[in-house]
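Please look at the sequence and the structure below before reading on.

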Amino acid sequence: MAVAEKARKLKAEGRDIISFSIGVPNFLPGEHVYQAARDALTRDSGQYGSNRGADALLDAFLRHIEALGLTGYTRANVSTGIGAKHILYNLAETLLDEGDAIAFPAPYWTTYVDIADIVDAKIVQLPCPATQDYKLTPAQLDAALSAHRPKVFLFNNPSNPTGMVYTRDEIAALAEVLVKHPETWIVTDDIYNRMLFDGLEYVNCMQAKPELRERTVFVDSLSKTYGMPGWRVGFMAGPEAIARAVTTLNSNHITNIPEVVTAAAIAALTGPQDVPAAKNAEFQAKRDQVLAAMAEIPGVVCPRPQGAFYVFPDISCAFGKSHDGVKIDNDVDFCNALLEAKGVACVPGSAFGEPRALRISYTCPTPQLAPGLQRIQEFFAELT
Ligand SMILES: Cc1ncc(COP(=O)(O)O)c(C=O)c1O
């Protein structure tokens, strides 16, 4: 957000800025979503709604996750929130008491740290550098769960910020470890589950080990899949007691998702899926373009993402060098110098717990991608 703010400021000053910094899709939902919202306005009750979510919305979500292979849930297993962020916050309030440990792989989505801090949880980061493709290994997970006995293991697949996706075998191996640690709840923040490339399929640890279902909470959102981040609709599916607790929290802060938003959300989940499908194809092509550009830069190590819309190159080869007299000692220096010199905004990896990298979000308008990448290449070539 801070990088985006600086980029906006430079843009307002008349600079030619290309933004690779914001983690939102660059598309709007289909017309059927807007039509559903307009229709809902004409029959709006204006009243409070269900704390859990309208039945029709819960049913639409249940059908949606059945297509992912998450079957057998009922309305009692699910709840809604103002985006996945709110669901994650509610889950932290539900599952964590002060001093409880929460473990998650790093790089991680920035908000995990903040939410854990708010509930005074103890954070256990599991470092997964570029050399291990930013992926958690079963041995690493086993060691962390044995040593720290965290109350919650928070897992994010596909990943923001790395775009990495765990294969069926990798998930099965992690699930094998998780069954050995029954004291740990598992939260799978898998909101990019429809954004997979190269023919990969989404797999959840519960599919590998069904017995994990009684302590696993699946988190989903409309934000990325349907180009609806500002509509603020998130979901969870898990044990009934957890869904009930999240619903109780809702009843005491948000009360309900508004009727118009509910109608739009149902339309997105149940209507034509051509917009997300087309965007996925576009993102895969853009991923290839970014990777090709990174491969041409000597010293940059860039694991191959297979989902979401992020590339997370390790740019530590630039540390200790200078650009136009500006010393680059770390990722923040790098991103600042790149923005000032070339007008390209990226997010420093330290925002995600990996200070050797930066995040490129490639949802920018397609014509901006090639020039933006070229400017990054020029920047590297000019380092002394
Ligand atoms: C991994 C991850 N989880 C959750 C969220 C929050 O999504 P929402 O817009 O549904 O709150 C984001 C948003 O960037 C994310 O990247």
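## Cis peptide bonds

Pro107 sits in the loop that runs between strand 3 (101-106) and helix 5 (111-118). The peptide bond joining Ala106 and Pro107 is cis, with omega about 5 degrees. The model is a predicted one, and these angles are computed from its atoms.

A cis peptide bond also leads from Asn160 to Pro161, where omega is near 25 degrees. Pro161 belongs to the loop between strand 5 (152-156) and helix 7 (168-178).

## Positive phi values

Asp120 has a positive phi, near 60 degrees, and is a residue other than glycine. Its loop lies between helix 5 and strand 4 (122-127). Is Asp120 buried or exposed? Asp120 has 11 other C-beta atoms within 10 Å; because a residue with 12 or fewer counts as exposed, Asp120 is exposed.

Asp324 is not a glycine either, and its phi is positive at about 55 degrees. This residue is found in the loop between strand 10 (321-323) and strand 11 (326-328). With 11 other C-beta atoms within 10 Å, Asp324 is exposed.

## A buried glycine

Gly53 is part of the loop between helix 2 (31-42) and helix 3 (55-66). Gly53 counts as buried because it has 25 C-beta neighbours inside 10 Å. Not counting residues up to four places away in sequence, Gly53 touches Leu58, Ser79, Thr80 and Ile257. Gly53 and Val152 are 99 residues apart in sequence, and their C-alpha atoms are 25 Å apart in space.

## Domains and their contact

The domain assignment divides the chain into domain 1 (2-23 + 275-381) and domain 2 (31-270). Their C-alpha centres are 27 Å apart. Domain 1 puts 25 residues into the contact, and domain 2 puts in 26 residues.

On the side of domain 1 that touches domain 2, the elements giving two or more residues are helix 11 (274-295) and strand 9 (310-311). Helix 11 supplies the largest share of that side, six residues. By class, this side of domain 1 has 14 nonpolar, seven polar and four charged residues.

UniProt, in an unreviewed entry, places the feature "domain: Aminotransferase class I/classII large" at residues 16-376. Over residues 16-376 the chain is 39% helix and 15% strand, with the end C-alpha atoms 14 Å apart.

In soluble globular proteins, nonpolar side chains tend to be buried together. The largest nonpolar core here has 119 residues, of which Met236 and Ala265 touch the most other members. Helix 10 (residues 259-270) gives this core its largest share, eight residues.

Neighbours within four places in sequence left aside, Ala265 is in contact with Leu57, Leu222, Trp231 and Val233.

## The ligand shell

The ligand is surrounded by 13 residues, and the closest are Gly83, Ala84, Lys85, Ser221 and Ser223. Which element gives the most to this shell? Helix 4 (residues 83-95) does, with three residues. Sorted by class, the shell has four nonpolar, seven polar and two charged residues.

Terms used:
Residues are numbered from 1 along each chain as its sequence is written. This is a predicted model: local features need pLDDT of at least 70, side-chain atom pairs count only at pLDDT 80 or more; totals for chains, interfaces and linings use all residues. A residue is near a molecule or strand if its C-beta atom, placed from the backbone, lies within 6 Å of it. Helices (H or I, at least four residues) and strands (E, at least two) are DSSP runs, numbered from the N terminus. Ala, Val, Leu, Ile, Met, Phe, Trp, Tyr, Cys and Pro count as nonpolar, Asp, Glu, Lys and Arg as charged, and the others, Gly among them, as polar. A residue is buried if 20 or more other C-beta atoms lie within 10 Å of its own, exposed if 12 or fewer, and partly exposed in between; C-beta atoms are placed from the backbone. Two residues are in contact if their C-beta atoms, placed from the backbone, lie within 7 Å. A nonpolar core is a set of buried Ala, Val, Leu, Ile, Met, Phe, Trp, Tyr and Cys residues joined through C-beta atoms within 7 Å. Domain bounds come from an automatic or database domain assignment. UniProt positions are given in the numbering used here, feature names are shortened, and annotations may be inferred rather than shown by experiment.
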